[in-house]
Amino acid sequence: MKKGLLIITLSFIAITVFGQNQWICRKGETSFFSETPLENIAAVNKNVVSLIDFSKGEIAVKMTMTDFKFQNHLMEEHFNENYMESEKYPTATFIGKFQEPIDISKNGTYEISAKGLLNMHGVQKERLMKGKLIVNNNDITLISEFDITLKDHKIEVPTLVIAKIAEVISIKDKFVFNKK
């Protein structure tokens with residue numbers, strides 16, 4: 001049911017936001033890493049959906065927070081219940097516009113950036129996301145790395161465990177797109 005709703009929502013975004021030169025990634029990966037002297041925390045979400053319209057230079061990304069998987073089930077439970085409040089804020093999205101023109105008719109690796117709104121934990125923040133776009137014939141891959149500061153999205157960490165969770169979390173994305 002959740003995945004069906006996600007596809008319907010993204011289809012609506014695609015119809016209203018995107019034009020003809022559309023590419024889609026249905027199984028993108030977003031991972032995060034929190035490093036502290038006491039404990040490292042890592043998780044990956046392999047169900048991230050992203051759409052790009054190269055004719056308009058627009059990108060949209062949507063993920064369900066409960067799709068993040070941890071090696072430790074208790075960490076996953078705390079992530080969803082205590083920090084991300086996944087029942088209240090089930091998804092995170094980014095909708096933005098590329099800052100440079102992109103010619104996907106030429107193979108190569110391109111440094112790109114997209115300026116837009118990151119909505120996570122009920123807080124919308126303007127962000128400039130940077131990454132690499134790899135074009136190889138009909139294969140398009142987007143790779144990005146960025147940091148998120150917990151306080152920017154009002155994610156509270158109890159004083160009792162503050163030493164175990166970094167204030168700044170490293171995020172990595174990898175999306176492989178197909179022509180829509």
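This is a predicted model: local features need pLDDT of at least 70, side-chain atom pairs count only at pLDDT 80 or more; totals for chains, interfaces and linings use all residues.
Before anything else, one term: a residue counts as buried when its relative accessible area is under 20%, as exposed when that area is over 50%, and as partly exposed in between.

E76 has a salt bridge to K69, and the closest N and O atoms of the two are 3.5 Å apart. K69 has a relative accessible area of 45%, so K69 is partly exposed.

Another of them is between the side chains of K106 and D103, at 3.9 Å from N to O. K106 is exposed, because its relative accessible area of 52% is over 50%. D103, at 36%, is partly exposed.

Then there is the bridge between the side chains of K115 and E126, at 3.4 Å from N to O. These two belong to distant parts of the chain, eleven residues apart, with K115 in strand β6 and E126 in strand β7.

Now the aromatic rings. A ring pair is described by how far apart the centres are and by the angle between the planes. The structure has eight aromatic pairs. One of them is F54 with F98, a stacked pair with 6.4 Å between the centres and 5 degrees between the planes. F54 sits in the loop between β2 and β3, while F98 is in strand β5, so this pair ties together parts that are 44 residues apart in sequence. Both F54 and F98 are buried.

A further pair is F70 with F79, which is tilted: the centres are 5.2 Å apart and the planes are 55 degrees apart. F70 and F79 are both buried as well. These two also belong to one aromatic cluster, together with F32 and F68.

Probing for empty space is done by rolling a probe the size of a water molecule over the atoms. The largest pocket holds about 790 Å³ of space. Its lining has 46 residues, and those nearest the centre are F32, F79, M84, I169 and I171.

What is the lining made of, by residue class? It has 33 nonpolar residues, nine polar and four charged. Which element gives the largest share of the lining? That is α2, with six residues. α2 spans 73-83, and among the other elements that supply at least two lining residues each are β1 (22-35), β5 (91-98) and β9 (168-179). Strands β6 and β7, which came up with K115 and E126, also supply at least two each.

Last, a residue in a loop. D152 lies between β8 and β9. Its relative accessible area is 34%, so D152 is partly exposed. Leaving aside neighbours within four places in sequence, D152 is in contact with V123 and K125. D152 and M120 are 32 residues apart in sequence, and their C-alpha atoms are 9.6 Å apart in space.

That is where I will stop.

How values were computed:
Residues are numbered from 1 along each chain as its sequence is written. Side-chain values use heavy atoms; hydrogens and water are left out. On a 1 Å grid over the protein atoms alone, a cavity is a set of points where a 1.4 Å probe fits but cannot get out, and a pocket is an open set with protein on both sides within 12 Å along at least five of seven lines; lining residues have an atom within 4 Å of a point. Grid points are joined across faces, edges and corners, and a volume is the space filled by probe spheres set on the points. Helices (H or I, at least four residues) and strands (E, at least two) are DSSP runs, numbered from the N terminus. Ala, Val, Leu, Ile, Met, Phe, Trp, Tyr, Cys and Pro count as nonpolar, Asp, Glu, Lys and Arg as charged, and the others, Gly among them, as polar. Buried means under 20% relative accessible area, exposed over 50%, partly exposed in between (1.4 Å probe, protein chains only). Contact means heavy atoms within 4.5 Å. A salt bridge is a side-chain nitrogen of Lys or Arg within 4 Å of a carboxyl oxygen of Asp or Glu. Rings of Phe, Tyr and Trp (its six-membered ring) pair if their centres lie within 6.5 Å; planes under 30 degrees apart count as stacked, over 60 as edge-to-face and the rest as tilted.
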